[in-house]
Amino acid sequence: MDVLLWVLFGVLPAASSGPYAVELTGLAAGSAQISATFPRGDGTFARVVTPALTVAQGTTAVLRLDPARPVLEQDGVVTELSPETITP
């Protein structure tokens with residue numbers, strides 16, 4: 001069985017208060033999970049983890065990182081995410 005593993009890491013060195021969007025396009029059939037931490041604008045950070053995503057080649061998922069309402073959009077379905085608050 002062939003396993004394709006991609007690990008992606010990104011940093012915004014001068015982040016504003018958002019909102020942000022991360023768009024992922026499937027390169028092959030498989031599954032993925034996304035974790036993101038972003039500033040809320042009040043000195044704290046929000047961390048979200050998506051449920052496991054099933055992807056096919058060419059499908060797209062968008063993680064919208066709005067401090068007020070982070071959501072995942074995939075195949076026309078919008079899933080609200082419950083962020084964890086992180087205080088530095």
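The following legends describe close-up views of a predicted model.

**View 1**

**View 1. Pairing of strands S7 and S8.**
Strand S7 (residues 71-74) runs antiparallel to S8 and is joined to it by 4 bridges. Val71 has Glu80 as its bridge partner in S8. Glu80 counts as exposed, with 55% relative accessibility.

Arg69 is partly exposed, its relative accessible area being 43%, whereas Glu80 reaches 55% and counts as exposed.

**View 2. Salt bridge between Glu73 and Arg64.**
The closest N and O atoms of Glu73 and Arg64 are 2.8 Å apart, and the two residues form a salt bridge. Glu73 is partly exposed, with a relative accessible area of 27%. Arg64 is also partly exposed, at 36%.

**View 3. Salt bridge between Arg47 and Glu84.**
Arg47 and Glu84 form a salt bridge in which the closest N and O atoms are 3.9 Å apart. This pair links distant parts of the chain: Arg47 belongs to strand S4 (residues 45-49) and Glu84 to strand S9 (residues 84-86), 37 residues apart. Arg47 is partly exposed, with a relative accessible area of 31%; for Glu84, likewise partly exposed, the value is 44%. A search of the whole structure finds 3 salt bridges.

**View 4. Surroundings of Ala28.**
Ala28 sits in the loop between strand S1 (20-25) and strand S2 (30-32). When neighbours within four places in sequence are left aside, Ala28 is in contact with Val55, Ala56 and Gln57. The C-alpha atoms of Ala28 and Gln57 are 4.2 Å apart in space, although the two residues are 29 residues apart in sequence. Ala28 has a relative accessible area of 35% and is therefore partly exposed, since this class lies between the 20% limit for buried residues and the 50% limit for exposed ones.

Technical notes
Residues are numbered from 1 along each chain as its sequence is written. This is a predicted model: local features need pLDDT of at least 70, side-chain atom pairs count only at pLDDT 80 or more; totals for chains, interfaces and linings use all residues. Side-chain values use heavy atoms; hydrogens and water are left out. Helices (H or I, at least four residues) and strands (E, at least two) are DSSP runs, numbered from the N terminus. Buried means under 20% relative accessible area, exposed over 50%, partly exposed in between (1.4 Å probe, protein chains only). Contact means heavy atoms within 4.5 Å. Two strands pair if DSSP finds at least two bridges between them. A salt bridge is a side-chain nitrogen of Lys or Arg within 4 Å of a carboxyl oxygen of Asp or Glu.
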